[in-house]
Amino acid sequence: MEKKTLVTHICFYQFEELSLEYQQLISIAKEQTEKSYSPYSNFAVGAAVLMHNGEIFAGSNQENAAYPSGLCAERTAMFYANAQRPDIPIRAIAIAAYAHNDFLEDPVAPCGACRQALLENEGRFEQPLQILLYGKKGIYVVDSVKDLLPLCFTKESLQ
Ligand code: THU
């Protein structure tokens, strides 16, 4: 038997340590939580996607009485960006969540389905995208979706 260890690289920043561009991206993700439609969970999530041409597309979670018919903020924002700019890669995505009258203390963790959808963007454009996870305590920054989804299933798996 051989034991394997998978390593994930995460950088932890204070808001002021980030570039102004990333501070703005996080601020937009936070603002987007106000546009969330989340009457069932009362968990409002906002996401802001920065494209390689500098444009920003944003979205929030959209719930449904038939629960699985809703969509997370990350995929709402990312699919919106992909639909509007199908030829432009995503450079970064910022995510923030608001619940119980405040933003989360710890950086928000994207769900597995969103990680998989983010991974598809890396494969589609063959370049990594950075993920910024906002929390009041600080921001996690990962340089590739693969850091959030080790041992992943990609188009190469289908070959
Ligand atoms: N949610 C997101 O929007 N993003 C995530 O990564 C985690 C969960 C939403 C889905 C649902 O509307 C609510 O948060 C509670 O799960």
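1. The loop residue R85. R85 counts as partly exposed, at 28% relative accessibility; in the terms used here, buried means under 20% relative accessible area, exposed over 50% and partly exposed in between, with a 1.4 Å probe and protein chains only. R85 is placed in the loop between α2 (73-84) and β4 (90-99). Helices (H or I, at least four residues) and strands (E, at least two) are DSSP runs, numbered from the N terminus. Leaving aside residues up to four places away in sequence, R85 touches M51, N53, E55 and F57, contact meaning heavy atoms within 4.5 Å. Between R85 and N53 there are 9.9 Å in space, C-alpha to C-alpha, and the two are 32 residues apart in sequence.

2. Basis of the note. The model is predicted: local features need pLDDT of at least 70, side-chain atom pairs count only at pLDDT 80 or more, and totals for chains, interfaces and linings use all residues. Residues are numbered from 1 along each chain as its sequence is written, and side-chain values use heavy atoms, with hydrogens and water left out.

3. Strand β2 (residues 44-51) and strand β3 (residues 56-60) run antiparallel and are joined by 5 bridges; two strands pair if DSSP finds at least two bridges between them. Opposite L50 stands I56 in β3. The two strands form a hairpin with 4 residues between them, and G54 in the turn has a positive phi of about 95°.

4. Strand β4 and its partners. Of the 10 residues of β4, 8 are buried, so β4 is largely enclosed by the rest of the structure. β4 pairs with β2 in the antiparallel sense over 8 bridges, and A47 has I95 in β4 as its bridge partner. With strand β6 (residues 130-135), β4 pairs in the parallel sense over 4 bridges; here A92 has Q130 in β6 as its bridge partner. The pairing of β4 with β5 is antiparallel and has 2 bridges, with D102 in β5 as the bridge partner of A99.

5. The turn between β4 and β5. The hairpin of β4 and β5 has 2 residues between the strands, and H100 takes a positive phi near 50° in this hairpin. H100 lies in the loop between β4 and β5 (102-103) and is exposed, with a relative accessible area of 79%. N101 lies in the loop between β4 and β5 as well. Phi of N101 is near 65°, a positive value in a residue other than glycine, and N101 counts as exposed at 68% relative accessibility.

6. The ligand site. The residues around the ligand are S41, F43, V45, N61, E63, C72, A73, E74, A109, P110 and C111; a residue is near a molecule if one of its heavy atoms lies within 4 Å of it. A polar side-chain atom of E63 lies 2.5 Å from an oxygen atom of the ligand. For E74, an N or O atom in the side chain is 2.6 Å from an oxygen atom of the ligand. C111 contributes a backbone N or O atom, 3.0 Å from an oxygen atom of the ligand. On its own the ligand has 370 Å² of accessible area, of which the protein covers 75%; accessible areas come from the Shrake-Rupley method with a 1.4 Å probe, and for residues only the protein chains shown count as cover.

7. Cysteines. The structure holds 0 disulfides, a disulfide being a pair of cysteine sulfur atoms within 2.5 Å. For C72, which is in no disulfide, the nearest cysteine sulfur is that of C114, 3.8 Å away. C72 is partly exposed, with a relative accessible area of 24%. C152 is likewise in no disulfide, and its nearest cysteine sulfur, that of C111, is 16 Å away. At 25% relative accessibility, C152 is partly exposed.

8. The segment after β7. S144 is placed in the segment after β7 (138-142) and counts as buried at 14% relative accessibility. The side chains of S144 and E122 are joined by a polar contact of 3.1 Å; a polar contact is a pair of N or O atoms within 3.5 Å, where within protein one must be able to donate a hydrogen and the other to accept it, and residues adjacent in sequence count only if both atoms are side-chain atoms. T154 lies in the segment after β7 too and is buried, with a relative accessible area of 18%. A polar contact of 2.9 Å joins the side chains of T154 and E156.
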